[in-house]
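Work through the exercises below with the model open. Each task is followed by a solution in steps.

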Amino acid sequence: MNRKTVRWGTDTGFEKKVKTFEDHNELSAHGLRGKRSKGDLGLSRGITRKEARRDAADAIPVSEAITQDQWSEREQLIAERAEEVRRGLTTWMSSTAASVRNYIQDQTPSDIHPDQLREAIKAEEHEFRHYEVDDTEDAKSSHSAAIIELQSFRERHGEQIGQRTPDIKKNVEQAIAILMFVMLVEGAFNALLFKDAQSSGLLGGLMIAFGVSAVNVLFGVVAGFFGLRYLNHPALPAKIAGGTIAGICILIGIFLNFFVAHYRDAVEHALAAAEAAGRLAEFSMFEIPPGAVMREMFPNIFSLDSFVALALLILGLTVFSIAVYEGYDRISDKYPGYGRVWRKERKAYERRQQLREDLRSDLSDYFSASRLWFETQLSRHAQAKREIEKAMNVIEARRDIAVAVAAKAADQERGLKVAYRQAHRRQRNQLRDKLGEQAACPAYFDEILTPQLPPFDFSKERAQANAAIKTIEQNIMALNLTREWLETHIQHVQQGLSSVEKKVVEEIARVRDAKGGDAKKAG
């Protein structure tokens, strides 16, 4: 198991990175552009006074006017402009508040309870450990069976093998490597000696030489592994079979090397004859019949005429002897079956040890991922707390802007209305005689001009932010407590794993002692 996350942490705390609050809500999106976004209604006082005097001359509005729909056109325009600014600011702040509430909601983690978190950590640890424990139990049974098989073998063949143990450093790969090396050496040497005896030169010599060398090594290995080793077997049929195989393979190997040496002698003689007859370019060693070479070998098989043939014989017999030795003592133990049961026990032990190391590695990866999760969550909780405060700072800063813009618009609204009504009143008084019954100013002129500013109340958002921050602080406390418990738990687990090796050795000793005791009682 090599993973960077833990499953129990996917639905706890912050699964993803904390995002910064970004609200691209601009005043222009709510109808407030240019000077209007700064609270400027875009109306002139001079023009307003002129409109007031003109309306007064026409007795507009009437003296009985009270409601806003009875106001003059200029006053309604002033009110509409001011209301447009207030409405734009209200929707701007409402959308900003909604974005902040959604952001706080997204950045508010669920409550973390230390007890539940500890149980989740142990549950996942036990879940993936369960499968490895099953494998460990299987490896334990296999290892115990291999120990019993090894002890039984040593009891049955104790007189032959004594108290010695096979050298477990000797392995098949090492022996094969040595055999391949000597085969290549012999093949290369033979190729150099046979390259002049055929038209294909060195390439043909390599093919023939490696073929002869492979056969030579093969018979040597068979003679040692399947022949001489079985002479140590206590069963008579095995001894007879081993002696027969060893004798046949050794005789074939010796005969093969003498045949190759005599064949090289025959090649020397044939080369000399071909040179004398002037057909050296057409000569091939395959023109020499093997039967003729075999007849020339006897009765004096040691009669070799050339130094090259003698070198071939010595090299071939040396390689054959090495192959016999490798097959006898290096591929496996020289006592048949002993190396097999020994390797079986060692492999079972190594598999058991490997599973223990895998368990240790998996637990280490799991606890490392758990530590990383706690560090990440603590960092994200702290960041979420900061970002929530920043979001509240944004909304408060925008509220200050909205209040300033609304106050400026209200001041302009009041100033424009005051200018309109005063100019209207003066003009109406001057035209009192002309206007007659409509000489009186409208009743609503006596009202106190106090434009209502939007409340911009964000107590709901502040309460939500305080609740989120409280949850985050409680989670941070829970994370710290659980992390302290995790460190203690990791120490206990590591101590338990450190004692596994000792328990394994003691258990192996008990199994072997129990088997040895049973054997003594049986004796």
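Helices are DSSP runs of H or I with at least four residues, numbered from the N terminus. The model is a predicted one.

**Exercise 1. Describe the lining of the second largest pocket and state which helix supplies the largest share.**

Step 1. The volume of the second largest pocket is about 260 Å³.

Step 2. Its lining consists of 15 residues; nearest the centre lie Trp71, Arg86, Glu413, Lys417 and Pro451.

Step 3. By residue class, the lining holds seven charged, five nonpolar and three polar residues.

Step 4. At least two lining residues come from each of helix 2 (73–106) and helix 10 (338–430). With four residues, helix 2 provides the largest share.

**Exercise 2. Classify the ring pair of Phe21 and Tyr103, and locate both residues in the chain.**

Step 1. The whole structure contains nine aromatic pairs.

Step 2. For Phe21 and Tyr103, the ring centres are 5.3 Å apart and the planes are at 65 degrees, an edge-to-face pair. The cut-off for that class is over 60 degrees.

Step 3. Phe21 sits in the segment before helix 1 (45–57) and Tyr103 in helix 2, so that the pair links parts of the chain 82 residues apart.

Step 4. Both Phe21 and Tyr103 are buried.

**Exercise 3. Classify the pair of Phe255 and Phe259, and decide for each residue whether it is buried or partly exposed.**

Step 1. The planes of Phe255 and Phe259 are at 25 degrees and the centres 6.3 Å apart, so the pair is stacked. Stacking requires planes under 30 degrees apart.

Step 2. Phe255 and Phe259 are four residues apart in helix 7 (residues 236–277), about one turn of the helix.

Step 3. Phe259 counts as buried because its relative accessibility is 17%, whereas Phe255, at 31%, counts as partly exposed. The limit for buried is under 20%.

Notes:
Residues numbered from 1 in each chain as written. Predicted model: local features only at pLDDT ≥ 70, side-chain atom pairs only at ≥ 80, totals over all residues. Heavy atoms only, no water. 1 Å grid on protein atoms, 1.4 Å probe; cavity = no way out; pocket = protein on both sides within 12 Å on 5 of 7 lines; lining within 4 Å. Points joined across faces, edges and corners; volume = space filled by probe spheres on them. Nonpolar A, V, L, I, M, F, W, Y, C, P; charged D, E, K, R; others polar. Phe/Tyr/Trp six-rings, centres within 6.5 Å; stacked < 30°, edge-to-face > 60°. Buried < 20%, exposed > 50% of the residue type's maximum accessible area, 1.4 Å probe, protein only.
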